[in-house]
Amino acid sequence: MTGFLTRLSSAGRAVGMAAGAAAIALAATHAPAAAQGANWPGATVDAIKKRGQLSCGVDSGIPGFAFQDDKGAWKGFDVAYCRAIAAAVLGDPEKVKYVGTTTPSRFTILQSGEIDVLIRDSTLTFTRSVQLGLAEIAINFYAGQAFLVRKSLGVKSAADLNGATICMTTGATLELNVADYARSHGTKIGSLLFEKTDEAIAAMEAGRCDGYTDDSGSVAALRSTVKNPDDYVILPDLISKEPLGIHARSGDDQWAKILFWLDAALKTAEEFGVTRANADQMKDNKDPFIRRLLGTEGDFGKLMGLDDQWALRAIKAVGNYGEIYDEFFGPKALGLPRGLNNLYTKGGLQYPLPFR
(Lines give C-alpha, C1' and ligand atoms only; values in the text may rest on other atoms or scores of the structure.)
Protein backbone atom coordinates (compact mmCIF):
# COMPACT_ATOMS: atom_id res chain seq x y z
CA MET A 1 0.00 0.00 0.00
CA THR A 2 2.75 2.44 0.99
CA GLY A 3 4.64 1.74 -2.23
CA PHE A 4 1.54 2.36 -4.29
CA LEU A 5 0.85 5.66 -2.56
CA THR A 6 4.48 6.72 -2.92
CA ARG A 7 4.53 5.97 -6.63
CA LEU A 8 1.36 7.90 -7.23
CA SER A 9 2.38 10.84 -5.08
CA SER A 10 5.62 11.28 -7.06
CA ALA A 11 3.38 12.61 -9.81
CA GLY A 12 1.13 14.27 -7.32
CA ARG A 13 1.83 17.91 -8.19
CA ALA A 14 0.58 17.47 -11.75
CA VAL A 15 -2.32 15.27 -10.71
CA GLY A 16 -3.02 17.66 -7.86
CA MET A 17 -3.56 20.37 -10.43
CA ALA A 18 -6.09 18.10 -12.14
CA ALA A 19 -7.77 17.48 -8.79
CA GLY A 20 -7.88 21.22 -8.28
CA ALA A 21 -9.50 21.64 -11.66
CA ALA A 22 -12.15 19.12 -10.65
CA ALA A 23 -12.72 21.06 -7.45
CA ILE A 24 -13.09 24.24 -9.46
CA ALA A 25 -15.74 22.53 -11.56
CA LEU A 26 -17.56 21.62 -8.36
CA ALA A 27 -17.27 25.14 -7.03
CA ALA A 28 -18.59 26.52 -10.28
CA THR A 29 -21.97 25.18 -9.26
CA HIS A 30 -21.70 27.36 -6.14
CA ALA A 31 -22.18 30.82 -7.65
CA PRO A 32 -22.32 33.84 -5.33
CA ALA A 33 -25.41 34.03 -3.18
CA ALA A 34 -26.40 37.39 -4.59
CA ALA A 35 -26.51 35.87 -8.09
CA GLN A 36 -28.73 33.00 -6.97
CA GLY A 37 -30.87 34.95 -4.53
CA ALA A 38 -29.83 32.49 -1.82
CA ASN A 39 -31.12 32.81 1.71
CA TRP A 40 -27.98 32.45 3.82
CA PRO A 41 -27.04 30.54 5.84
CA GLY A 42 -29.83 28.14 4.79
CA ALA A 43 -32.31 25.73 6.35
CA THR A 44 -29.77 23.25 7.72
CA VAL A 45 -27.76 25.87 9.58
CA ASP A 46 -30.97 27.43 10.87
CA ALA A 47 -31.99 24.04 12.28
CA ILE A 48 -28.54 23.47 13.80
CA LYS A 49 -28.59 26.86 15.50
CA LYS A 50 -32.13 26.34 16.76
CA ARG A 51 -31.24 23.04 18.46
CA GLY A 52 -27.83 24.38 19.52
CA GLN A 53 -26.01 21.28 18.34
CA LEU A 54 -24.55 19.75 15.18
CA SER A 55 -25.65 16.17 14.51
CA CYS A 56 -22.69 14.49 12.84
CA GLY A 57 -22.70 10.94 11.45
CA VAL A 58 -19.44 9.06 11.94
CA ASP A 59 -18.18 5.48 11.95
CA SER A 60 -19.42 3.48 14.92
CA GLY A 61 -15.82 2.80 15.89
CA ILE A 62 -12.55 2.49 13.96
CA PRO A 63 -9.07 3.73 14.96
CA GLY A 64 -7.90 6.75 13.04
CA PHE A 65 -11.25 7.87 11.69
CA ALA A 66 -13.72 7.75 14.60
CA PHE A 67 -13.58 6.02 17.97
CA GLN A 68 -14.34 6.57 21.65
CA ASP A 69 -11.55 6.71 24.23
CA ASP A 70 -11.65 5.04 27.64
CA LYS A 71 -13.71 7.96 28.96
CA GLY A 72 -16.26 7.75 26.16
CA ALA A 73 -15.05 10.88 24.36
CA TRP A 74 -15.13 10.73 20.57
CA LYS A 75 -11.76 11.08 18.80
CA GLY A 76 -10.48 10.72 15.26
CA PHE A 77 -9.86 12.32 11.88
CA ASP A 78 -13.54 12.48 10.91
CA VAL A 79 -14.51 13.54 14.43
CA ALA A 80 -12.12 16.49 14.10
CA TYR A 81 -14.05 17.61 11.03
CA CYS A 82 -17.30 17.47 13.03
CA ARG A 83 -15.69 19.60 15.76
CA ALA A 84 -14.40 22.09 13.19
CA ILE A 85 -17.87 22.50 11.68
CA ALA A 86 -19.42 23.06 15.10
CA ALA A 87 -16.76 25.63 15.94
CA ALA A 88 -17.40 27.47 12.66
CA VAL A 89 -21.21 27.42 12.81
CA LEU A 90 -21.98 27.41 16.55
CA GLY A 91 -18.81 28.91 17.99
CA ASP A 92 -18.10 25.82 20.13
CA PRO A 93 -16.45 22.57 18.97
CA GLU A 94 -18.08 20.70 21.86
CA LYS A 95 -21.60 21.26 20.56
CA VAL A 96 -21.74 18.04 18.56
CA LYS A 97 -23.97 15.00 18.82
CA TYR A 98 -22.05 12.07 17.34
CA VAL A 99 -24.17 9.41 15.69
CA GLY A 100 -22.32 6.16 15.10
CA THR A 101 -23.44 4.59 11.83
CA THR A 102 -22.89 1.19 10.28
CA THR A 103 -21.99 0.69 6.63
CA PRO A 104 -25.52 -0.39 5.60
CA SER A 105 -27.32 2.33 7.60
CA ARG A 106 -25.18 5.43 7.06
CA PHE A 107 -26.86 6.90 3.97
CA THR A 108 -30.38 6.05 5.15
CA ILE A 109 -29.67 7.89 8.40
CA LEU A 110 -28.42 10.91 6.45
CA GLN A 111 -31.42 10.92 4.11
CA SER A 112 -33.85 10.62 7.04
CA GLY A 113 -32.63 13.91 8.51
CA GLU A 114 -31.33 12.33 11.71
CA ILE A 115 -27.91 13.79 11.01
CA ASP A 116 -26.84 17.06 9.37
CA VAL A 117 -23.72 15.69 7.70
CA LEU A 118 -22.03 12.33 7.21
CA ILE A 119 -18.25 12.20 7.66
CA ARG A 120 -17.63 8.48 7.86
CA ASP A 121 -14.72 7.17 5.77
CA SER A 122 -17.22 6.91 2.91
CA THR A 123 -16.31 6.98 -0.77
CA LEU A 124 -17.69 9.63 -3.11
CA THR A 125 -19.15 7.77 -6.10
CA PHE A 126 -21.44 8.25 -9.11
CA THR A 127 -24.29 6.15 -7.70
CA ARG A 128 -24.26 7.86 -4.32
CA SER A 129 -24.46 11.21 -6.05
CA VAL A 130 -26.95 10.36 -8.80
CA GLN A 131 -28.92 7.34 -7.60
CA LEU A 132 -29.05 8.20 -3.89
CA GLY A 133 -29.23 11.92 -4.63
CA LEU A 134 -26.62 12.91 -2.06
CA ALA A 135 -24.47 16.03 -2.12
CA GLU A 136 -20.82 14.92 -2.32
CA ILE A 137 -18.98 17.86 -0.86
CA ALA A 138 -15.23 17.32 -0.70
CA ILE A 139 -12.57 14.61 -0.57
CA ASN A 140 -10.79 14.70 2.78
CA PHE A 141 -8.90 11.38 2.48
CA TYR A 142 -7.55 9.64 -0.63
CA ALA A 143 -7.47 5.87 -0.25
CA GLY A 144 -7.93 2.64 -2.22
CA GLN A 145 -9.31 -0.80 -1.40
CA ALA A 146 -6.65 -2.96 0.21
CA PHE A 147 -6.33 -6.46 1.68
CA LEU A 148 -5.22 -7.49 5.17
CA VAL A 149 -4.24 -11.18 5.22
CA ARG A 150 -2.48 -13.67 7.45
CA LYS A 151 1.25 -13.86 6.81
CA SER A 152 0.92 -17.64 7.02
CA LEU A 153 -0.95 -17.61 3.69
CA GLY A 154 2.32 -16.75 2.01
CA VAL A 155 0.73 -14.49 -0.59
CA LYS A 156 2.57 -11.50 -1.99
CA SER A 157 -0.18 -9.75 -3.91
CA ALA A 158 -3.92 -9.78 -4.51
CA ALA A 159 -3.32 -11.89 -7.62
CA ASP A 160 -2.29 -14.72 -5.28
CA LEU A 161 -5.68 -14.79 -3.52
CA ASN A 162 -7.25 -17.28 -5.94
CA GLY A 163 -9.50 -19.57 -3.89
CA ALA A 164 -9.31 -17.40 -0.77
CA THR A 165 -12.31 -16.17 1.22
CA ILE A 166 -12.21 -12.57 2.36
CA CYS A 167 -14.28 -11.02 5.16
CA MET A 168 -15.85 -7.60 4.55
CA THR A 169 -18.78 -5.43 5.52
CA THR A 170 -21.98 -5.32 3.52
CA GLY A 171 -23.63 -2.15 2.23
CA ALA A 172 -20.49 -0.83 0.54
CA THR A 173 -18.80 -1.31 -2.82
CA LEU A 174 -16.21 -3.71 -1.34
CA GLU A 175 -17.82 -6.91 -2.61
CA LEU A 176 -18.34 -5.44 -6.09
CA ASN A 177 -14.72 -4.27 -6.26
CA VAL A 178 -13.44 -7.72 -5.26
CA ALA A 179 -15.69 -9.40 -7.82
CA ASP A 180 -14.55 -6.99 -10.55
CA TYR A 181 -10.90 -7.58 -9.65
CA ALA A 182 -11.28 -11.37 -9.60
CA ARG A 183 -13.14 -11.41 -12.92
CA SER A 184 -10.55 -9.22 -14.63
CA HIS A 185 -7.70 -11.39 -13.32
CA GLY A 186 -9.35 -14.75 -13.95
CA THR A 187 -9.41 -15.75 -10.30
CA LYS A 188 -12.04 -16.71 -7.73
CA ILE A 189 -12.18 -14.83 -4.42
CA GLY A 190 -15.00 -15.66 -2.03
CA SER A 191 -16.75 -13.09 0.17
CA LEU A 192 -18.01 -13.46 3.75
CA LEU A 193 -20.24 -10.51 4.62
CA PHE A 194 -20.91 -8.82 7.96
CA GLU A 195 -22.91 -5.78 8.98
CA LYS A 196 -20.27 -4.51 11.42
CA THR A 197 -16.54 -4.17 10.99
CA ASP A 198 -15.68 -5.68 14.38
CA GLU A 199 -17.68 -8.79 13.46
CA ALA A 200 -15.70 -9.17 10.24
CA ILE A 201 -12.37 -8.76 12.02
CA ALA A 202 -13.39 -11.27 14.72
CA ALA A 203 -14.32 -13.77 12.01
CA MET A 204 -10.93 -13.30 10.36
CA GLU A 205 -9.11 -13.85 13.63
CA ALA A 206 -11.22 -16.96 14.26
CA GLY A 207 -10.11 -18.40 10.92
CA ARG A 208 -13.47 -18.20 9.18
CA CYS A 209 -11.86 -16.27 6.32
CA ASP A 210 -8.35 -15.70 5.01
CA GLY A 211 -8.29 -11.91 5.33
CA TYR A 212 -10.20 -8.68 5.43
CA THR A 213 -10.69 -5.92 2.86
CA ASP A 214 -11.61 -2.25 3.18
CA ASP A 215 -10.23 1.14 2.20
CA SER A 216 -6.49 1.42 2.86
CA GLY A 217 -6.88 3.85 5.75
CA SER A 218 -9.34 1.55 7.51
CA VAL A 219 -7.22 -1.53 6.85
CA ALA A 220 -4.19 0.14 8.43
CA ALA A 221 -6.32 1.20 11.39
CA LEU A 222 -7.91 -2.22 11.90
CA ARG A 223 -4.58 -4.06 11.74
CA SER A 224 -3.70 -2.22 14.94
CA THR A 225 -6.75 -3.72 16.71
CA VAL A 226 -6.09 -7.44 16.15
CA LYS A 227 -4.57 -9.49 18.95
CA ASN A 228 -1.33 -10.16 17.07
CA PRO A 229 -0.79 -7.45 14.43
CA ASP A 230 2.55 -8.95 13.35
CA ASP A 231 0.71 -12.06 12.17
CA TYR A 232 -0.96 -10.02 9.42
CA VAL A 233 0.30 -8.15 6.40
CA ILE A 234 -1.28 -5.48 4.18
CA LEU A 235 -0.83 -6.48 0.55
CA PRO A 236 0.71 -3.78 -1.70
CA ASP A 237 -2.16 -3.80 -4.21
CA LEU A 238 -4.93 -1.24 -4.23
CA ILE A 239 -7.74 -2.64 -6.36
CA SER A 240 -9.90 0.49 -6.53
CA LYS A 241 -9.98 4.23 -6.02
CA GLU A 242 -11.61 5.22 -2.73
CA PRO A 243 -11.79 9.02 -2.40
CA LEU A 244 -13.35 9.38 1.06
CA GLY A 245 -15.14 12.52 2.10
CA ILE A 246 -18.09 14.57 3.23
CA HIS A 247 -21.70 13.74 2.32
CA ALA A 248 -24.79 15.87 2.91
CA ARG A 249 -28.40 15.81 1.75
CA SER A 250 -29.09 17.50 -1.55
CA GLY A 251 -31.26 20.58 -1.66
CA ASP A 252 -29.42 22.95 0.69
CA ASP A 253 -26.74 24.59 -1.44
CA GLN A 254 -25.83 27.04 1.31
CA TRP A 255 -24.97 24.21 3.72
CA ALA A 256 -23.01 22.45 0.97
CA LYS A 257 -20.93 25.58 0.39
CA ILE A 258 -20.19 26.02 4.09
CA LEU A 259 -18.98 22.42 4.32
CA PHE A 260 -16.94 22.76 1.12
CA TRP A 261 -15.17 25.90 2.27
CA LEU A 262 -14.61 24.52 5.78
CA ASP A 263 -12.61 21.67 4.22
CA ALA A 264 -10.75 24.19 2.03
CA ALA A 265 -10.01 26.36 5.08
CA LEU A 266 -8.32 23.51 6.97
CA LYS A 267 -6.13 22.71 3.96
CA THR A 268 -5.40 26.37 3.21
CA ALA A 269 -4.31 26.84 6.81
CA GLU A 270 -1.69 24.12 6.35
CA GLU A 271 -0.65 25.60 3.01
CA PHE A 272 0.07 29.00 4.61
CA GLY A 273 1.51 27.73 7.89
CA VAL A 274 -1.47 28.61 10.10
CA THR A 275 -1.66 26.21 13.05
CA ARG A 276 -3.78 25.68 16.13
CA ALA A 277 -1.03 27.30 18.19
CA ASN A 278 -0.32 30.39 16.05
CA ALA A 279 -3.73 31.15 14.51
CA ASP A 280 -4.41 34.18 16.72
CA GLN A 281 -1.00 35.69 15.98
CA MET A 282 -1.38 35.05 12.23
CA LYS A 283 -4.46 37.30 12.08
CA ASP A 284 -2.08 40.26 11.77
CA ASN A 285 -0.08 38.70 8.94
CA LYS A 286 0.23 40.87 5.83
CA ASP A 287 -0.56 38.03 3.40
CA PRO A 288 -4.05 38.75 2.00
CA PHE A 289 -4.91 35.03 1.76
CA ILE A 290 -4.19 34.54 5.45
CA ARG A 291 -6.10 37.68 6.38
CA ARG A 292 -9.16 36.55 4.41
CA LEU A 293 -8.95 33.04 5.84
CA LEU A 294 -8.81 34.27 9.43
CA GLY A 295 -11.40 37.02 9.04
CA THR A 296 -9.15 40.04 9.30
CA GLU A 297 -10.44 41.37 5.99
CA GLY A 298 -12.86 40.50 3.22
CA ASP A 299 -16.07 39.67 5.14
CA PHE A 300 -15.91 36.17 3.70
CA GLY A 301 -17.79 34.67 6.63
CA LYS A 302 -20.65 37.13 6.28
CA LEU A 303 -21.00 36.13 2.62
CA MET A 304 -21.99 32.64 3.90
CA GLY A 305 -24.23 33.83 6.69
CA LEU A 306 -21.56 33.24 9.34
CA ASP A 307 -19.31 35.65 11.17
CA ASP A 308 -15.84 36.37 9.83
CA GLN A 309 -14.02 34.33 12.51
CA TRP A 310 -15.63 31.02 11.46
CA ALA A 311 -12.42 29.54 10.01
CA LEU A 312 -10.25 30.93 12.81
CA ARG A 313 -12.37 29.12 15.38
CA ALA A 314 -12.25 25.88 13.41
CA ILE A 315 -8.46 25.97 13.13
CA LYS A 316 -8.02 26.82 16.80
CA ALA A 317 -10.29 23.92 17.73
CA VAL A 318 -8.67 21.13 15.71
CA GLY A 319 -5.60 22.50 13.92
CA ASN A 320 -4.97 22.57 10.18
CA TYR A 321 -5.41 19.58 7.87
CA GLY A 322 -1.84 18.38 8.38
CA GLU A 323 -2.15 18.59 12.15
CA ILE A 324 -5.35 16.54 12.07
CA TYR A 325 -3.76 13.88 9.85
CA ASP A 326 -0.64 13.63 12.01
CA GLU A 327 -2.68 13.34 15.21
CA PHE A 328 -4.59 10.29 14.04
CA PHE A 329 -2.56 8.72 11.21
CA GLY A 330 0.95 10.12 11.64
CA PRO A 331 4.15 8.50 12.98
CA LYS A 332 3.01 8.72 16.62
CA ALA A 333 -0.42 7.27 15.78
CA LEU A 334 -1.04 4.61 13.09
CA GLY A 335 2.10 5.39 11.09
CA LEU A 336 0.29 5.71 7.75
CA PRO A 337 2.35 7.83 5.30
CA ARG A 338 0.42 10.79 3.90
CA GLY A 339 1.18 9.93 0.28
CA LEU A 340 -1.67 11.27 -1.85
CA ASN A 341 -3.03 13.13 1.17
CA ASN A 342 -0.13 15.56 1.12
CA LEU A 343 -0.75 19.05 -0.16
CA TYR A 344 -0.08 19.59 -3.86
CA THR A 345 3.07 21.49 -2.86
CA LYS A 346 4.48 18.23 -1.47
CA GLY A 347 3.45 15.91 -4.30
CA GLY A 348 -0.03 15.09 -3.03
CA LEU A 349 -3.54 15.66 -4.32
CA GLN A 350 -4.91 18.04 -1.69
CA TYR A 351 -5.35 21.28 -3.63
CA PRO A 352 -7.60 23.78 -1.82
CA LEU A 353 -9.34 26.49 -3.81
CA PRO A 354 -8.16 30.06 -3.10
CA PHE A 355 -9.78 32.47 -0.67
CA ARG A 356 -10.26 35.43 -2.95
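Let's start inside: Arg 120 and Asp 59 are both buried, where buried means under 20% relative accessible area, exposed means over 50%, and partly exposed is in between (1.4 Å probe, protein chains only). Keep in mind that this is a predicted model, where local features need pLDDT of at least 70, side-chain atom pairs count only at pLDDT 80 or more, and totals for chains, interfaces and linings use all residues. Residues are numbered from 1 along each chain as its sequence is written, and side-chain values use heavy atoms, with hydrogens and water left out.

Back to that pair. The side chains of Arg 120 and Asp 59 form a salt bridge at 3.4 Å, N to O; the term stands for a side-chain nitrogen of Lys or Arg within 4 Å of a carboxyl oxygen of Asp or Glu. Arg 120 sits in strand β5 (residues 117–123) and Asp 59 in strand β1 (residues 54–59), so the contact ties together parts that are 61 residues apart in sequence. Asp 121 joins in too, linked with Asp 59 and Arg 120 in a network of salt bridges.

Asp 180 is partly exposed at 33% relative accessibility, while Arg 183, at 70%, counts as exposed.

One more pair: Asp 280 and Lys 283 form a salt bridge at 3.9 Å, N to O. Asp 280 is partly exposed at 31%, and Lys 283 is partly exposed at 30%. Across the whole structure, a search finds 15 salt bridges.

Conventions:
Helices (H or I, at least four residues) and strands (E, at least two) are DSSP runs, numbered from the N terminus.
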